[in-house]
Amino acid sequence: MSPPTPRLCRALSVLTAALAVLLYGLAPPAAADDGPADWTARPAGTGTGRDARPYVYLEGTPGTVLQDRLAVTNSGRAPLTVRLRGDGRAGGWIRFAEDTVTVPARTRADVPLALAVPPDAVPGDVSGEAVAFGGGEEIRVPVRVRTVGPTLAALTVEDVEVSDGTIRYALVNRGNAMLRPRLAVRAEGVFGRLLDRPERPLPLELAPGRRVERTEPWPDAPVLDAVTVHLRVTASGGARDEAEASATYLPVGPVVGGGLLLLGGLAVFASGAYRRRRRTGRAAPRPPTVEAQPPVATEPLLKAGAKT
């Protein structure tokens, strides 16, 4: 068999290329792995682009029920089933008209939602999310809720303790407003003031009902003294409180050593005094012995008129 001619080889190459192009055209295009989802979930409304609402915003008083809608748009060619739920603090207040929604192809569905503000909700802002899950993907829509009502700023400082070089205390937000506390520290000893730190802001934000335990370093605490530490906390809205604690600082090592030396000195002094008393008792002369003297003879007195 004779080898193929160059003309036949070129013809076969052209035929192979044409067949490859034909097969590529018949094959369906591959889906991009990082392409956009064929469905969306967002706050319902007529605006698009920049005019679209970035999140659900609701405002009301405690105990009220607020209404809104979540728009689910299916841009695909097949129906889409989406499960809905709330997440976060404000999300826990949300109830959807339907927890599971099937959206036909190329269709938008507006799902009503109701947000019930608890009767004991404190005035202020609360956040959460409305979560939609479908087609293996999850979309989260931010939810912002503002509770309207009178605010009360109340702050207490509690459980103050002093030990070694540390001051321990707790801050409690007793009101319904967000607080940013400020702290001032003062300490008094037997001979005067030992510590005086002016009021300064603390690096924390205290939510209503929240309790935070903190420490205040005191590296130059006294070695020997009886001290009283005074704390004062303030916050915007007129919140203010004060508390104090006492502590006694004693150097354990020197006190024990000094006590032993004192006892030893007393013992030496007592022993020396006893020895001196004993030596003094042996050297003292005895009193002279009085010898007995013979009785003195006396003559009886003559009676008057007696004859001699």
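Arg106 sits in the loop between β6 (100–103) and β7 (107–116); strands here are DSSP runs of E with at least two residues, and helices are H or I runs of at least four, numbered from the N terminus. At 61% relative accessibility, Arg106 counts as exposed, where exposed means over 50% relative accessible area, buried under 20%, and partly exposed in between (1.4 Å probe, protein chains only).

This is a predicted model, so local features need pLDDT of at least 70 and side-chain atom pairs count only at pLDDT 80 or more, while totals for chains, interfaces and linings use all residues. Residues are numbered from 1 along each chain as its sequence is written, and side-chain values use heavy atoms, with hydrogens and water left out.

Most residues other than glycine have a negative phi.

| Residue | Phi | Location |
|---|---|---|
| Arg106 | positive, about 50° | loop between β6 and β7 |
| Asp159 | positive, about 50° | strand β10 (residues 155–163) |

Now for the sheet. Five strands form an open sheet in the order β2-β9-β8-β4-β6, with mixed pairing; two strands count as paired if DSSP finds at least two bridges between them. β2 (56–60) and β6 stand at the edges with a single partner strand each, so one side of each has no neighbour in the sheet. From one strand to the next, the twist averages 25°, using axes fitted to C-alpha atoms and angles from 0 to 180 degrees between N-to-C directions.

Inside that sheet, β8 (residues 124–134) and β9 (residues 137–147) run antiparallel and are joined by eleven bridges. Gly134 has Glu137 in β9 as its bridge partner.
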